Amino acid sequence: MARPHTKRDESLIAVPFQYAPFYVDSKHPIYTRPVIAHEYGHLVFNVNLNAGIKEINLKQVRNSNPDLDKTILPYEEFFADLISVVSLKDKNAVSNSIKFTRLFQFRNGWKFQAQSRAFDSRFRAKNFTADDAHALLSPTRQHIGKWYLNNIRYDSALPHVIPKVFDAVVSEIQARIADPSLKNLTPAEINQRLIAAIDLALEQSN
Ligand SMILES: [Zn+2]
């Protein structure tokens, strides 16, 4: 669930051992698949982000700049979760996998983390304060789940919603890299901005 490697390696997908496909009993596969999809989502994100932001060598900059890495990581975790829930066609796929372990030492505890990874949570952008990488964009997950991942739209999500959401994420990251005043936004502001960018990207394409 966390970033798989200390240095970004675009050729590897690391699966946390609790979900290892060949190391567990028969109850695990339904929880393992969302995690594998999530880790694959990290790969998709990094390959495309590096290609999408050409002005800088993003991979190199992130590895040497913890502040920038901290800014980008919530977008990456959010996008990896989106890949997972869309491919599993289940808004709670990632959330349920976290509930299953009860092991993760996430800030605020595994229950909160599981809730924050659901795409139908109770979290709204206004007044949202959790700022760890996995939870920060929880209100954006909720917004996408409500407005763009209705069951009827799942089939269009892979070709349509995911690329537009990615475009919105890239535009947000670029804006925040370019403008120092956007460096220290609150979690509420980060969610509000991304939700607005996603709505704009998807409305323009309809
Ligand atoms: Zn992750």
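Predicted model: local features only at pLDDT ≥ 70, side-chain atom pairs only at ≥ 80, totals over all residues.
Buried here stands for 20 or more other C-beta atoms within 10 Å of a residue's own, exposed for 12 or fewer, and partly exposed for anything in between, with C-beta atoms placed from the backbone. Helices (H or I, at least four residues) and strands (E, at least two) are DSSP runs numbered from the N terminus.

Residue numbers start from 1 along each chain as its sequence is written.

**Whole chain**

Colour the chain by pLDDT, the predictor's confidence in each residue on a scale from 0 to 100. The chain has a mean of 83, and 77% of its residues reach 70 or more. Among the elements, α6 has the highest mean pLDDT (95), and α2 (residues 58–64) has the lowest (73). Residues 2–6 stay under 50, and the model has 9 contacts beyond four places in sequence for them. A contact is a pair of residues whose C-beta atoms, placed from the backbone, lie within 7 Å.

Switch to a cartoon view: the chain has 8 helices and 0 strands. Of its 206 residues, 38% count as buried. Among contacts between residues at least 6 apart in sequence, 63% join residues at least 24 apart.

**Core**

Next select Phe79, Leu82, Val165, Val169 and Leu194, the residues with the most contacts inside the largest nonpolar core, which has 40 residues. At least two residues of this core come from each of α1 (29–52), α3, α4, α7 (154–178) and α8 (187–205). The biggest contribution is that of α3, with 9 residues. Such a core is a set of buried Ala, Val, Leu, Ile, Met, Phe, Trp, Tyr and Cys residues joined through C-beta atoms within 7 Å.

Centre on Leu194. Apart from neighbours within four places in sequence, Leu194 is in contact with Leu137, Thr140, Ala168, Val169 and Glu172.

Then move to Val86, found in helix α3. Val86 counts as buried, with 23 C-beta neighbours inside 10 Å. Draw a C-alpha to C-alpha distance from Val86 to Gly145: the two are 59 residues apart in sequence and 9.9 Å apart in space.

**Helices α4 and α5**

Show α4 and α5 together. Their axes come within 8 Å and cross at roughly 170 degrees. Axes are lines fitted to C-alpha atoms, for helices over the stretch in contact, and angles run from 0 to 180 degrees between N-to-C directions. The two helices are therefore roughly antiparallel to each other, a label for angles over 145 degrees, where under 35 is roughly parallel, 65 to 115 roughly perpendicular and the rest oblique. For the contact itself, select Ser95, Ile98 and Lys99 in α4, which meet Trp110, Gln113, Ala114 and Gln115 in α5.

**Loops**

Start with Ile53, in the loop between α1 and α2. Ile53 counts as partly exposed, with 16 C-beta neighbours inside 10 Å. Leaving out residues within four places in sequence, Ile53 is in contact with Leu58, Val170 and Gln174. The C-alpha atoms of Ile53 and Gln174 are separated by 7.5 Å, although the residues are 121 apart along the chain.

Go on to Lys89, in the loop between α3 (66–88) and α4 (93–101). Lys89 is not a glycine, yet has a positive phi of about 55 degrees. Most residues other than glycine have a negative phi. Lys89 counts as exposed, with 12 C-beta neighbours inside 10 Å.

Asn127 is in the loop between α5 (109–116) and α6, and is exposed, with 10 other C-beta atoms within 10 Å.

The last stop is Arg124, also in the loop between α5 and α6. Arg124 is partly exposed, with 15 other C-beta atoms within 10 Å. From Arg124 to Leu137 is 13 residues in sequence and 9.8 Å in space, C-alpha to C-alpha.

Key: Contact = placed C-beta atoms within 7 Å.
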